[in-house]
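Here is a short briefing on one protein structure. Take a look at the sequence and the model before reading on.

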Amino acid sequence: MPCTATCTLNVAATYCNMGAVYEQQGLIEKALEFYQKDLEITVSILGQDCRDVADTKYNMAEAFEKQGSLEEARKLFLESAEIWATVLGDDHDATVDARHRADTVGEEEEEEEEGEDDNDNTEAEEEEEEEEEEEEESG
């Protein structure tokens, strides 16, 4: 029995889900491999301008961002935004979100690192204060 377009799209969706699992496990290269398989199948059946393609490009952008490939992430966030703008409209939440992510790619990681530094300083300051208090009590 021949595989229909629906059957093939189900395979693409499975690849996408596998990519998401690998991404959650921190296996970004493997995730990107499966997202790429999903993208190739979906584009071959539905063309470039469909929600599924935008979804996959957005997922890939997030994976590239986690990997530190910020220019590739920015490019894919913008591509997904363009597709969603065509399909859903400029003001749709998905379009707005993808554009925002493209504009701020990599910033979340920087904020987390700054926050970690702040926490380290706070802990060091607390330890210093405790030592000073101990010295005052014993002295």
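The points below go from the whole protein to one helix, its core and its salt bridges.

This is a predicted model. The protein has 6 helices and 0 strands. Along the sequence, the pattern reads α-α-α-α-α-α.

**The whole protein**
- The protein has 139 residues, and 29% of them count as buried.
- Its accessible surface comes to about 9,100 Å². Carbon and sulfur atoms account for 44% of that surface.
- Take the contacts between residues at least 6 apart in sequence: 52% of them join residues at least 24 apart.

**Helix H3**
- Helix H3 covers residues 51–67, which is 17 residues.
- From first C-alpha to last, H3 reaches 24 Å, close to the 24 Å expected at 1.5 Å a residue.
- The buried ones include Val 53, Ala 54, Tyr 58, Met 60, Ala 61 and Phe 64.
- Gly 68 follows H3, and its phi is positive, near 95 degrees.

**The nonpolar core**
- The largest nonpolar core has 24 residues. Leu 32, Tyr 35, Met 60, Phe 64, Phe 77 and Trp 84 have the most contacts inside it.
- Helices H2 (28–46), H3, H4 (70–88) and H5 (93–103) each supply at least two residues of this core.
- H3 gives the most, with 7 residues.
- Phe 64 is in contact with Leu 32, Ser 69, Glu 72, Ala 73 and Leu 76, leaving aside its neighbours within four places in sequence.

**Salt bridges**
- The whole structure holds 10 salt bridges.
- Lys 57 and Glu 79 form one of them, at 2.8 Å from N to O. Lys 57 lies in H3 and Glu 79 in H4, so this pair ties together parts that are 22 residues apart in sequence.
- Is Lys 57 buried or exposed? Lys 57 is buried, because its relative accessible area is 10%, under the 20% cut-off.
- Lys 57 and Glu 79 also belong to a network of salt bridges with Glu 72 and Lys 75.
- Glu 62 pairs with Arg 101, with their closest N and O atoms 3.2 Å apart. Glu 62 is in H3 and Arg 101 in H5, 39 residues apart.
- Glu 62 counts as partly exposed, at 23% relative accessibility.
- Arg 99 and Asp 90 meet in a salt bridge at 3.1 Å. Arg 99 is partly exposed at 33%, and Asp 90 is partly exposed at 47%.

Terms used: Residues numbered from 1 in each chain as written. Predicted model: local features only at pLDDT ≥ 70, side-chain atom pairs only at ≥ 80, totals over all residues. Heavy atoms only, no water. Helix = DSSP H or I, 4+ residues; strand = E, 2+ residues; numbered from the N terminus. Expected span 1.5 Å × (residues − 1). Buried < 20%, exposed > 50% of the residue type's maximum accessible area, 1.4 Å probe, protein only. Core = buried A, V, L, I, M, F, W, Y, C linked by side-chain atoms within 4.5 Å. Contact = heavy atoms within 4.5 Å. Areas by Shrake-Rupley, 256 points an atom, 1.4 Å probe, with all protein chains shown as cover. Salt bridge = Lys/Arg side-chain N within 4 Å of Asp/Glu carboxyl O.
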